[in-house]
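Here is a short briefing for a first look. Please keep the structure in view while reading.

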Amino acid sequence: MKTNTQSLARIIALWIAAIIGLATLPALAAEGTGVITGRVLNPATGEYVRNARIVVRETGQTATSGDGGEYRLLAVPAGPVTVMVNYAGYRTAPATIKVAVGTTTTQNFEIISTETAEENIVELGEFVVSASREGNAKAIMEQRTSMNITNSIATDVFGDIPEGNVGEFLRFLPGVQLDTTFGEPRFAMLRGLGPEYNAVTVDGLPLAAADANNGANGRAFTFEMASLGSMDSIEVSKTISADVDANAPAGTIDMRMKRAFDRESRRIALTANLAMHESALTLGRTNGPFDTGETRKLRPGGKLEYSDTFFNQRLGIVLDLSRSELYANDSRTTHNYNYTTTTADQRFAVMNTIAFLSAPRIYERNAASLTADFRATPDLSLGIRFMYFDSDLWTPQRTVTMTTGTRTAVGGDGVTNLTSATNASISDSGINYIQKFGESLMIAPSFDWKLGDLTVEGRFAMTDAKSWYDPNAEGTFLNPGGLAVSGARFNATRSSVMSPDWHITQIAGNDISNPTSFPSNSTLSTLDGRSSTQKFYTAKFDATLPTTRGLPIIWKAGVKYSYEGRGYDNIRSLHQYRYTGGGSYWADKASEFVFNDSGNGGRITSISGGRIFMPNLSAAYRDFLANPGNYEHLLTSANVYDAWVANHSRYGEEIGAAYVMSTAQLTPKATLRAGLRYEKTTNIATQPDSYSTDEVEAAGYPVLASGERASTVEGVYYQFMSRPWKERRSSFDNLFPSASLKYELPWDIDASLGFSTTIRRAPYSVLSGAYRVNDTNQTVTVTNASLQPESASNYALRFARYSKSLGMFSVSFFENQIEDKFLTTTVTSQEFGNTDPTLDGYDFITTINSDDSTTMRGFELEFSQNLGFLNERYLKRFNVRGSYTRNYVRKQTITDLVPEMINAGFDFTYGRFNVYANASHYDDAYNSIGAATRVDKARTFVSAGGNLRLTKNLRLSLTVRNLTDSPEFNRVEKRGDLPEVLQLYHSNGRSYTVQLKANF
């Protein structure tokens, strides 16, 4: 794929012009003034603080400390002035500084906790710092100083999260809804919009996160591999400005890495932990999750963090290494109902199928990060960020399905107490041994160059990720195919229509605990075959210049070029086999794993009183390798087409951007920011450069009777893969105006108003790939490389009151107006402009921009408060927080939208002890809307923990995840006026982690 060098050249030319424009602005300082610089330190934590507000008392001039606690006050009148620092929950003595004309004066500050000051504690090294208190202070100052409407949270504010999944941290933030899979957060949704409507970055740069399960469909960032260990804070921006990508209508999630220059001295932190699940609270080995033998469910993990500076504080390094292992055990019960009544059968519903899923799993993750900053000269700083993640997610999923048979022959009430029909069956078909691997690498060099008061920044990033499924790595097949015992009748009872606690007893048919009852000629899938890759290459340059003549204005301009490449494959269809060796295939291949059908209170008993047979796919895989002649390879032209063509896609995207933005201090209390961003997007889609069927026949390969494609494996390869795939390029450009206003009202209330325009780019699957012909339905699914993005206008308003006692209360209102919605539509062959005569009369399915729109509205209430203002000794150690989010949509067309969310938490620190709890509550949400409407019932997730400081440098902690044993899904189904019934119940259970942490 070729780079659009002309577009890149135009973008760089615009940037150079902007730099020249900034450099030729009027002189910065008026005559008779000087400059004050310095750093702001929190000695209790040894960290230099960002977002401290530095104020000149005589003039009202302000500055905000940045990375490393550095600040700079321009055009300060010559002579003595009083300068003070404002930081939530802290105090500092004012400093009198004598400013000389045309010179720079250095004044450093130390902030002291009001809690420490009131208790007259002088030896700060002995003072027990509450991580939550420090985190709350950081969040308040970040939100106060940001021109965007944000939630910025230090990563230690919610207590210990030993497993390091960033999604677990985001769970408790206002307006954030998590999409989980087997209890693991995978995607984050902001303000009711899907995960594809937000962006996730690291220090403002995109991070690749390929997901083979998501395939070529989505752009949403998956948190399966991202680790919290190397992050200092996370900022969720509900509005954006012109200096960030305009690809996130819902907002952005930016993870900030730790930096050594933010700390005063060397820091070494060592952590060791043990994680366990309530289903296996033992030090010994127990059955599962594998087919043979027992494994230890107590899983170790650990972390090393090293931070230091060298060469007279010119070089700073932060190194993070972490290892996380987690065992968990999921249970899922799924129901399918038959609602069709007859004259003879008036029961409102009868069970059609009952499915039990047991999914014990072991997840392993490794993470490494390195942050290095070098002050080459007083005006030039160089840096590099390195991040590496890998994961091994091993989830054997075993499903047993009970099919009741003909409705009228099913006895009992049909929904809580039944006897199956004679044509019932019990199946082991839903068995999939899922082993998902992932790797992600990011290398990001940077520079900062100061030319007087002009700062030029360069940021570069190369990030590469891949995700793939390979059960063979664990020595097993993917699945055993269709294993069903026909005529296996059973009785089934449960306590109520809302309960998953089925007791199943086989009463007739071949014994389901006997391996020989199951067929030997099923189709075996030997390999999963899904894989995905993603690459990002990014280069961005920004220039910032403050001016003070007239209004104080900070000018900022920049350019950016990025390239993203995506690839997706699914070759599972090439690895289908059937056993032909004779005899009973499964007779000697019974798994030692005992099917856990009791996770939701259920039980399955065979006709002989035993447990249901589970196939040993590891034994099957060993037999396959040892006796390949006993297996028939089921390779067809359809399988080859499915693997090499239909599920093979490559896609590229280039984005060139330029922007200009200004932030003006209109009055001491009013600040206005306005900006304009330009982006040009070039899509590079691929599709086969295929031969026509006439050319295929001319080459000697037969074709299908429909004339659609070659009918042999060799012919499919010749038709679609013998020539390189061709590229289709399309492009579009957009202008994105944005503006924000912040005004300081009386009583420490800040009013913030924000507006921005953004887009959502189309899913990759509708931009790139081969045409898919369905002869049975006479349809052709085609891609649309020229599809334009959805456009969004975003509005937000927030009123926030901040108190000196480390408190904050805010109310926010937002609206997103999304236009040009993507619509999958069907047109005739003529309307599509088809030129292939073999497809005349077929319907063409494609994606277009429609007149459909969505207007999302909502509001958020948020508070956090240290209770020290009540002047009670113990309450000074309490920090409480909470939020309420309400999402509205014009009409209920968005599924999985949670209309109401509540988050709450507290922590208490006294002496050597600290305890905390965090809760997240989701209201009822529609899962699907139709003849049978399904609703995910309200659920509350709680995590809690505590720690004990054993010595000055050693701390022992316990964390409990899902304290209240809340289900991941408790989904009910309702059809018309009929009674509500349980459709799905998925439980994860509780997890515990014991951790020992040493700081030096």
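Strands β56 (954–961) and β59 (991–999) each supply at least two residues of a nonpolar patch. Strands here are DSSP runs (E, at least two residues), as are helices (H or I, at least four), numbered from the N terminus. The model is predicted: local features need pLDDT of at least 70, side-chain atom pairs count only at pLDDT 80 or more, and totals for chains, interfaces and linings use all residues. Residues are numbered from 1 along each chain as its sequence is written, and side-chain values use heavy atoms, without hydrogens and water.

**The patch**
- Leu274, Leu950, Leu956, Leu958, Val994 and Leu996 form this nonpolar patch on the surface.
- Together they have about 430 Å² of accessible area (Shrake-Rupley method, 1.4 Å probe; for residues, only the protein chains shown count as cover).
- Patch residues have over 30% relative accessible area and no salt bridge, and nonpolar side chains (Val, Leu, Ile, Met, Phe, Trp, Tyr) are joined within 5 Å.
- A salt bridge is a side-chain nitrogen of Lys or Arg within 4 Å of a carboxyl oxygen of Asp or Glu.

**Val994**
- Val994 lies in strand β59.
- Val994 is partly exposed, at 35% relative accessible area (buried is under 20%, exposed over 50%, partly exposed in between).

**The whole chain**
- The chain holds nine helices and 59 strands.
- Its C-alpha trace spans about 100 × 70 × 55 Å along the principal axes.
- Buried residues make up 56% of the 1000 residues.
- The accessible surface is about 39,400 Å², and 54% of that belongs to carbon and sulfur atoms.

How values were computed: Patch = residues over 30% accessible without salt bridge, like charges linked within 9 Å, V, L, I, M, F, W, Y side chains within 5 Å. Buried < 20%, exposed > 50% of the residue type's maximum accessible area, 1.4 Å probe, protein only.
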